[in-house]
Amino acid sequence: MGASLPFSTLLANAGACEQQDAGDTMVDLAKELGSDEMIRLSQIFVQQPRNTPNSIAVPYCQKAPQNAELDGLFQCQFAGANQQKFIGGFDLGAAGTIPFGLNAPLNPLGSCPANPDGPIADGTQLVDQVQSPGAGNAPNAPNAPAPAPPAETNVPEPDETATDETATATTVAPPAQTNAPAGGGGGNGGFALANGQAAQRLNAKFATLNANSPCTAGENACIGAAFAQCVGGQFVAVSCPPTTICAALPLVNSPGTSITCASLADAEDRIARTGATGGLAGNGAAGGNNEEDDSTPAPTPTVAAGAGQTAAPNAPAPTANAPAAGAGGFKVANGQAAQALNKKFEGLSAASPCQAGENACVDGGFAQCVGGSFVVTQCAGDLTCAALPLVNSPGTSITCTTEADALARIQASGATGGITG
């Protein structure tokens, strides 16, 4: 199970079954960890509505899941979508517009087992609204339409991209840790405020960059809302998961910053906690008081925060002081998933086989699979690559951080046994 972006399966251009496939991988890991909570969260994940930029419904997967725990589960639709029209130009009743195993349109349209009353509000997260995955409302439930053999159809799957689905919402972001200037108020050895201000300067600088901006090999940055790494003198961008943006964030237990995907609210909160004022980019002047080029790690890039890292990601690089998880109850599962990944990473080398887009830690460096081989970017200074638990949503992130910070974040999730469990 390599690091990947399960939440990318919620994008509009993902294949019809990619979300379910990612859910299967998440359940596989949950079984390895013996985590019923992670299974519950996986069941809710496969029912999360997918993005629909053109406000029409998203086709349903037309195959059975690999794990029985996902039988009868399918995604809800967003309320703003036209439930009579589906991506691909199909009208309700056509192949792919009725969930697998059912022989009639849903009633009400846009509903799912976890939310049987209908579609959910646009832009919201199902995991924030329900506790039960609603397995009792699955197709085999007494009140559901009788299952019928699915029609053999080829549901259009727009421009699928090969991803190595991981068991957790593991987000990616190659290392891009920077050294914050000395000084600054706040606790944590006096570096908290300096870290926050350094993150603001980076975010102000990133606002001036585009895909054609000159860069140095190994440099990491944010281009628009995407995480970008400099390869061959050009930025290569990796989209952040839905509802998240790329941003520079302050480290918690050591001087420096990380570049990661997080929700805007989480990024602003983490910066505000350091004592820095002025929001994400400080005074907002691009490059404002940017006396140093914080985006180019020297000697090498480091902190790769996972995309989605909220406190990491959507896949966070959760902070030790992050608020306790709410109704989701996924903190311990996230910590255990991070431990399982770190244990796996111990057995990898640059020569280990990998799949395009897979991310991992190899010999302490952040590694990305390119052309079937891992390309390793060493973390800066005394940082090391590690999988960390997300804070505000199910999943993990892969990033460069200190061993002490990684241990603190995993312990804060409630998982025991150290970095590798």
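The model is predicted, so local features need pLDDT of at least 70 and side-chain atom pairs count only at pLDDT 80 or more, while totals for chains, interfaces and linings use all residues. Residues are numbered from 1 along each chain as its sequence is written, and side-chain values use heavy atoms, with hydrogens and water left out.

In soluble globular proteins, nonpolar side chains tend to be buried together. A nonpolar core is here a set of buried Ala, Val, Leu, Ile, Met, Phe, Trp, Tyr and Cys residues joined through side-chain atoms within 4.5 Å. Buried means under 20% relative accessible area, exposed over 50%, and partly exposed in between (1.4 Å probe, protein chains only). The largest core has 25 residues, and Phe206, Leu209, Phe235, Cys246 and Ile259 have the most contacts inside it. At least two residues of this core come from each of α3 (192-206), β4 (220-223), β5 (226-231), β7 (245-250), β8 (257-262) and α4 (264-273). Helices (H or I, at least four residues) and strands (E, at least two) are DSSP runs, numbered from the N terminus. Apart from this core lies another, of 20 residues, including Ala338 and Cys385.

Leu209 is in contact (heavy atoms within 4.5 Å) with Ala221, Cys222, Ile223 and Phe235, leaving aside neighbours within four places in sequence.

In a regular strand the side chains alternate between the two faces of the sheet. In β8, Thr257, Ile259 and Cys261 point one way and Ser258, Thr260 and Ala262 the other, and all are buried. Strands pair if DSSP finds at least two bridges between them; β7 and β8 do so in the antiparallel sense over 6 bridges. Ser258 in β8 is the bridge partner of Leu249.

Gln48 sits in the loop between α2 (36-45) and β1 (56-57). At 5% relative accessibility, Gln48 counts as buried. Beyond four places in sequence, its contacts include Leu10, Phe78 and Leu126.

A salt bridge is a side-chain nitrogen of Lys or Arg within 4 Å of a carboxyl oxygen of Asp or Glu; the count comes to 7. One of them joins Lys63 and Asp21 (3.0 Å, N to O). Lys63 lies in the loop between β1 and β2 (82-86) and Asp21 in helix α1 (residues 18-33), so the pair ties together parts that are 42 residues apart in sequence. Another joins Arg273 and Asp269 (2.9 Å, N to O). These two are 4 residues apart in helix α4, and are therefore separated by about one helical turn.
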